[in-house]
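Welcome to this short tour of a protein chain.

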Amino acid sequence: MIGCTPNPSQLGVIDAPRHADIVVIGGGIVGAASAFFLRQAGLHPVLVERAPALGTATTAASAHSVRAQFTEPENIAMMLESLRVFDRFSEMLGLPAAEADIRFIRQGYLFASTHPDAPATFAARVAAQHALGLEDVVCLDGDEARAQFPWLASKITAATYRAADGWLDGCRATECFARASAASLLLGTEVLTIERDRGRVSGVRTSRGRIATEHVVLATGPFTGTLAGEKLPITLLRRNRLVVAPRPDIPPDAPMTIDADTGAHWRPHQGGALLAWARPEPASPPLHPVPPDPAFPDLILRDPDGVGRLTPFWRDLGSDLKAEDLALTAGQYTITPDHKLLIGPAAETEGLWLHTGYSGHGIMGSPAGARLLADLLAGRVLDEENSFRPGRFAARTPPKTTERAIL
């Protein structure tokens, strides 16, 4: 089972300090990575998390997968940078290799389609990715895809594959980022309010006392809008995740396999598999824990558009699985109108910084996003140079409650 259970006693839990250079609110991978890169920039962060352990909310409910196969140049650049961090994680964080083992498994990402136009569409996409520096993505026709992955359906017409994509232990990465940041870590600590004085941050009042500070980073995922005290261009959508117990029928060397036509996807996990499908859902308020949809296992395993559409063995396996073989959980995506993150200063409060809106890509994008946050705070990157600045939506309509983009 995927879970985040670091030992708080190993992470330097302390009483709330009276002053801080900067307070990072949120102890998931986004907040922990923020604390690390802020420390690299010369700041001494305080990291505040309301749960008794790190990474127990959105991070724990994720698929823990990482890829660079995007189509937009800023997303490709962000994910390639993040994957380089994960690839040299111990060295980057200055931690012993055994301590910083995040179990980075590179078995690739495979996007496949049955659409008759997919060969031309995928070929054009891969050519564009190559031009943007993502040169190791390959385009496969149906026969080539089945030769490499024989469990694929005969009706597949085209696929794209990048072997350097994969998955890792996001919970372990969160703990390592926090440890390497040397942040003052406050677990089990509720943020009661962000204090303001004449339109700028003056402190953070917590359940363990007040911290005077002029800078706050909100890395609280679905709860960012609540703490920000201003309207943000974010919609919250539930995302269900199903973990299937070990079965010999599931190929352990398979890549993350995504139906590019429907979005249903799966990957191997500890002898079993992890399955997910970002189905359209109504927007919801911030929740923790997030109640999963009890109908989801039947949907993803047996629906004609579920994982069995491109990988037929799931149809047979799905009918044979029992309740004790399945672990269903859910989290919330923070969706922006363009499915790209918000990173930069809030509109209404000076000293308040946003690091959220990953639209389902928080694990894979957090290192590069945190580095950008630190560079913005240090003045090494100007707001107008930042593709992810929150103010880019000032004249746009609110986000729609639709399924997230897959490609």
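His64 is found in the loop between strand 2 (45-48) and strand 3 (65-66). Here helices (H or I, at least four residues) and strands (E, at least two) are DSSP runs, numbered from the N terminus. This is a predicted model, in which local features need pLDDT of at least 70 and side-chain atom pairs count only at pLDDT 80 or more, while totals for chains, interfaces and linings use all residues. Residues are numbered from 1 along each chain as its sequence is written, and side-chain values use heavy atoms, with hydrogens and water left out.

- His64 is buried, with a relative accessible area of 1%; buried means under 20% relative accessible area, exposed over 50%, and partly exposed in between (1.4 Å probe, protein chains only).
- The phi angle of His64 is near 60 degrees, which is a positive value in a residue other than glycine.
- Asp169 sits in the loop between strand 7 (166-167) and helix 6 (170-181), and Asp169 is buried too, at a relative accessible area of 17%.
- Setting aside neighbours within four places in sequence, Asp169 is in contact with His64, Ile102 and Arg103, where contact means heavy atoms within 4.5 Å.
- The side chains of Asp169 and Arg103 are joined by a polar contact of 2.5 Å.
- A polar contact is a pair of N or O atoms within 3.5 Å; within protein, one must be able to donate a hydrogen and the other to accept it, and residues adjacent in sequence count only if both atoms are side-chain atoms.
- A polar atom of the Asp169 side chain also lies 3.0 Å from the backbone nitrogen of Arg172.
- Arg103 belongs to the loop between helix 3 and strand 4 and is partly exposed, at 45% relative accessibility.
- For Arg103, phi is near 50 degrees, again a positive value in a residue other than glycine.

**Arg106**

- Arg106 lies in the loop between helix 3 (89-93) and strand 4 (109-113), and its relative accessible area of 36% makes Arg106 partly exposed.
- Which residues does Arg106 contact, leaving aside its neighbours within four places in sequence? They are Leu83, Asp87, Ala163, Ala164, Asp165 and Gly166.
- With Asp87, Arg106 makes a side-chain to side-chain polar contact of 3.4 Å.
- The Arg106 side chain also reaches the backbone oxygen of Ala164, at 2.9 Å.

- In helix 1, ten of the twelve residues are buried, so the helix is mostly covered.
- Among the buried residues of helix 1 are Gly31, Ala32, Ala35 and Phe36.
- The twelve residues of helix 1 should span 16 Å at 1.5 Å a residue, and the end C-alpha atoms are 16 Å apart, which agrees; the expected span is 1.5 Å times one less than the number of residues.
- Two packed helices are described by the angle between their axes and the distance between the axes.
- The axes of helix 1 (residues 29-40) and helix 10 (residues 362-378) come within 8 Å and cross at roughly 35 degrees.
- Axes are lines fitted to C-alpha atoms, for helices over the stretch in contact, and angles run from 0 to 180 degrees between N-to-C directions.
- Residues of helix 1 that meet helix 10 include Ile29, Val30 and Phe37, and their partners in helix 10 include Ile363, Ala370 and Leu377.
- After helix 1 comes Gly42, with a positive phi near 100 degrees.

- Thr311 is in the loop between helix 8 (296-302) and helix 9 (313-320).
- Is Thr311 buried or exposed? Thr311 counts as buried, at 1% relative accessibility.
- A polar atom of the Thr311 side chain lies 2.6 Å from the backbone oxygen of Val307.
- Not counting residues up to four places away in sequence, Thr311 touches Trp151, Leu152, Thr257 and Trp266.
- Pro289 has its place in the loop between strand 16 (272-276) and helix 8, and the peptide bond from His288 to Pro289 is cis, with omega near 0 degrees.
- Pro291 is in the loop between strand 16 and helix 8 and counts as partly exposed, at 47% relative accessibility.
- Pro291 and Arg238 are 53 residues apart in sequence and 8.7 Å apart in space, C-alpha to C-alpha.
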